[in-house]
Amino acid sequence: MVKLVCFECGQTNRVPEDRLSAGPKCGTCGAALVEGKAREIDAETLSKAIRNDGMTLVVDFWAPWCGPCRMMAPEFSKAAKAMTGRARLAKVNTETHPAAASAFGIRGIPTLIAFRSGREAARQSGALRAAQIEAFAIGAG
């Protein structure tokens, strides 16, 4: 069983590992848990997902005014689709959630942090292409 936090309602769900690619849904709200796209999440959901997720979680810390962040956004989405069932990709807006950026020592954006088993597994700053994001996620897992 793999634990996954719902990015919609924040509930922790248990999913059989062999069902990760079958589109599991949250038992509370019915939202997709593994959907093949990057989701915008808040600091509270991020904290809960780091503690509980059994799958690699790659988080893009970004801001709407950041040119490189906007350039990387479609690449991050492509990587999220390619990594379906192997890693979950999420985004945290540092403008909306400055405390989260501060808590993780974000000094430049975009910054990717991969979390595995409740701790930071890897960190990379700067805009990346989809293949580089995928390699980063696989290397962290």
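On helix α1, the face turned away from the buried side carries the exposed residues Glu44 and Arg51 (exposed is over 50% relative accessible area, buried under 20% and partly exposed in between, with a 1.4 Å probe and protein chains only). The model is predicted: local features need pLDDT of at least 70, side-chain atom pairs count only at pLDDT 80 or more, and totals for chains, interfaces and linings use all residues. Residues are numbered from 1 along each chain as its sequence is written, and side-chain values use heavy atoms, with hydrogens and water left out. Helices (H or I, at least four residues) and strands (E, at least two) are DSSP runs numbered from the N terminus.

**Helix α1**

- Helix α1 spans residues 43-52, and its buried residues are Thr45, Leu46, Ala49 and Ile50.
- Seen down the axis of α1, these residues fall within an arc of 135°, so they line one face of the helix (the arc is that of the directions from the helix axis to the C-beta atoms).
- The packing partners of the buried residues of α1 are β1 (2-5), β4 (56-62), β5 (87-93) and β6 (111-116).
- At the start of α1, the backbone nitrogen of Glu44 has a side-chain oxygen of Asp42 within 3.3 Å.

**Nonpolar cores**

- The largest nonpolar core has 17 residues, of which Val58, Phe76, Leu89, Leu112 and Ile133 touch the most other members (a core is a set of buried Ala, Val, Leu, Ile, Met, Phe, Trp, Tyr and Cys residues joined through side-chain atoms within 4.5 Å).
- Two or more residues of this core come from each of α2 (67-82), β5, β6 and α4 (130-140).
- Helix α4 gives the largest share, five residues.
- Leaving aside residues up to four places away in sequence, Ile133 touches Met72, Glu75, Phe76, Ala79, Leu89, Leu112 and Leu128 (contact means heavy atoms within 4.5 Å).
- A second, separate core of 16 residues includes Leu46, Leu57, Ala101 and Phe115.

**Strand β6 and its partners**

- Five of the six residues of β6 are buried, so this strand is largely enclosed by the rest of the structure.
- Strands β4 and β6 pair in the antiparallel sense over five bridges (strands pair if DSSP finds at least two bridges between them), and Phe61 stands opposite Thr111 in β6.
- Strand β7 (residues 119-125) pairs with β6 in the antiparallel sense over six bridges, with Thr111 opposite Ser125 in β7.
- The hairpin of β6 and β7 has two residues between the strands, and Ser117 takes a positive phi near 55° there.
- Thr56 belongs to strand β4 and is buried, with a relative accessible area of 3%.
- A polar contact of 3.4 Å joins the side chains of Thr56 and Arg116 (N or O atoms within 3.5 Å; within protein, one must be able to donate a hydrogen and the other to accept it, and residues adjacent in sequence count only if both atoms are side-chain atoms).

- The whole structure holds two aromatic pairs (rings of Phe, Tyr and Trp, the last by its six-membered ring, with centres within 6.5 Å; planes under 30 degrees apart are stacked, over 60 edge-to-face and the rest tilted).
- The ring centres of Phe61 and Phe104 are 5.7 Å apart with planes at 45°, so the pair is tilted.
- Phe61 lies in strand β4 and Phe104 in the loop between α3 (98-103) and β6, so this pair ties together parts 43 residues apart in sequence.
- Phe104 and Phe115 form an edge-to-face pair, 5.4 Å centre to centre with 65° between the planes.
- Phe61 is buried at 0% relative accessibility, Phe104 is partly exposed at 21%, and Phe115 is buried at 3%.
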